[in-house]
Amino acid sequence: AELRGRVGSLLEVGTGFHAELTGRENVYLNGAILGMKHDEIKKKFDEIVAFAGYEDFLDTPVKHFSSGMYMRLAFSVAAHLEPEILIVDEVLAVGDMEFQKKCLGKMDEVGKSGRTVIFVSHQLGTITQLCRETMLLDNGRLILKGETSAVIEHYISHGRADVTSYQAEDSKTNVEMFVQRVLVINKKAVEQDHFSHHETVTVSVDCGVNKMVRGAELRMVIKTARGINVFTADADLTSLPDNTRTFHAEFTIPTAYLRPNGYSASLAFFVPDQHIIESIDDAVFFSIYDGGTKYAHSGGTDYGVVFSPAEWRVNVIE
């Protein structure tokens, strides 16, 4: 790789942080590791702390920080480095929704200022939002490079299409609530990857609980092959007793709703307006094909992502 300018990176939450040092001390330590001069850190110190939102915890050893607090402070330091090239690996899954939005805004701002942001992620919607050009890698090999939407469509159709199930790799003991297994099934509860537009699609989810979090909800987001959110559905979990250890949830997509296309389902446990407990992007994939509509012979024409429920009428004027 040919590099022209200073490189800043945020490759893992808390990289370069020392657990025994305070937040204040770690800002200077991490800034120095990233290549900032002492005077530069001092000048931007208040701005870094304000961005992270941890003014009250500056003199607390970071060993007492949660992973989300680590990430906020680490990202704040890296974002204010003002390098010509900023490399950001998959770290934004940690933290609350408000801070994630703040981080995306900062990266977008860096990109628009004429600097380069290399964003490594499986979050297709975020990639679509931030990146004009995308590279698809497989085991270190460059598979495709080009306009973002084209690369994402190739990734969906060739790399992970027909993945109709998700299984957690191991028992998760570090999160309160987690997804164990996800299946895409038909009305007979049989696993299926292709559906006619007039069939119901059900996303079946088995979940585990280490500790019931009151106020938590289970969210499903359906996305197109280009990573565009089609709709969001939230399952209310208030009826579950405190001693629940496993439970099952189902999200059913009605017939004649999604137009022919490739789709993915992402899942997350979260407490509204507070924090994300667990998030799984593009857990499962499925496709909708035209089962016989008036649009069936208009291949290649984009009619949108849903069939319109709009009512219409025609009146004779004269």
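Arg219 is partly exposed, at 23% relative accessible area; here buried means under 20%, exposed over 50% and partly exposed anything in between, with a 1.4 Å probe and protein chains only. The model is a predicted one, so local features need pLDDT of at least 70 and side-chain atom pairs count only at pLDDT 80 or more, while totals for chains, interfaces and linings use all residues. Residues are numbered from 1 along each chain as its sequence is written, and side-chain values rest on heavy atoms, with hydrogens and water left out.

Back to Arg219, then, and its partner. Arg219 makes a salt bridge with Asp234, and their closest N and O atoms sit 2.6 Å apart. (A salt bridge is a side-chain nitrogen of Lys or Arg within 4 Å of a carboxyl oxygen of Asp or Glu.) Since Arg219 belongs to strand E10 (residues 217-224) and Asp234 to strand E11 (residues 229-236), the pair ties together parts 15 residues apart in sequence. Helices (H or I, at least four residues) and strands (E, at least two) are DSSP runs, numbered from the N terminus. Asp234 is partly exposed too, with a relative accessible area of 37%.

The structure has 8 salt bridges, and a couple of others can be picked out. Arg24 pairs up with Asp59, with 3.0 Å between the closest N and O atoms. This one links distant parts of the chain: Arg24 is in helix H1 (residues 23-33), whereas Asp59 is in the loop between helix H2 (38-52) and helix H3 (67-79), 35 residues apart. Arg24 is partly exposed at 34% relative accessible area, while Asp59 comes out as exposed at 52%. Glu2 forms a salt bridge with Arg4, and here the closest N and O atoms are 3.2 Å apart. Glu2 is exposed, with 67% relative accessible area, and Arg4 counts as exposed at 66%.

On to the strands. An open sheet is built from 4 strands in the order E6-E7-E9-E12, with antiparallel pairing; two strands pair if DSSP finds at least two bridges between them. Strand E6 (165-167) and strand E12 (246-253) stand at the edges with a single partner strand each, so one side of each is left without a neighbour in the sheet. From one strand to the next, the twist averages 20°, an angle that runs from 0 to 180 degrees between N-to-C directions, with axes being lines fitted to C-alpha atoms. E6 and strand E7 (residues 177-185) pair in the antiparallel sense over 3 bridges. Tyr166 has Val182 in E7 as its bridge partner.

With 0% relative accessibility, Ala265 counts as buried. Leaving aside neighbours within four places in sequence, Ala265 is in contact (heavy atoms within 4.5 Å) with Val203, Met220, Val221, Ile222, Asp282, Ala283 and Val284. Take Asp282: Ala265 and Asp282 are 17 residues apart in sequence, yet their C-alpha atoms are 5.3 Å apart in space.

Finally, the surface. Met135, Leu137 and Leu142 make up a nonpolar patch there, with about 320 Å² of accessible area together. Patches are made of residues with over 30% relative accessible area and no salt bridge, like charges being joined within 9 Å and nonpolar side chains (Val, Leu, Ile, Met, Phe, Trp, Tyr) within 5 Å. The areas come from the Shrake-Rupley method with a 1.4 Å probe, and for residues only the protein chains shown count as cover. Leu142 lies in strand E5 (residues 141-147) and is partly exposed, with a relative accessible area of 48%.
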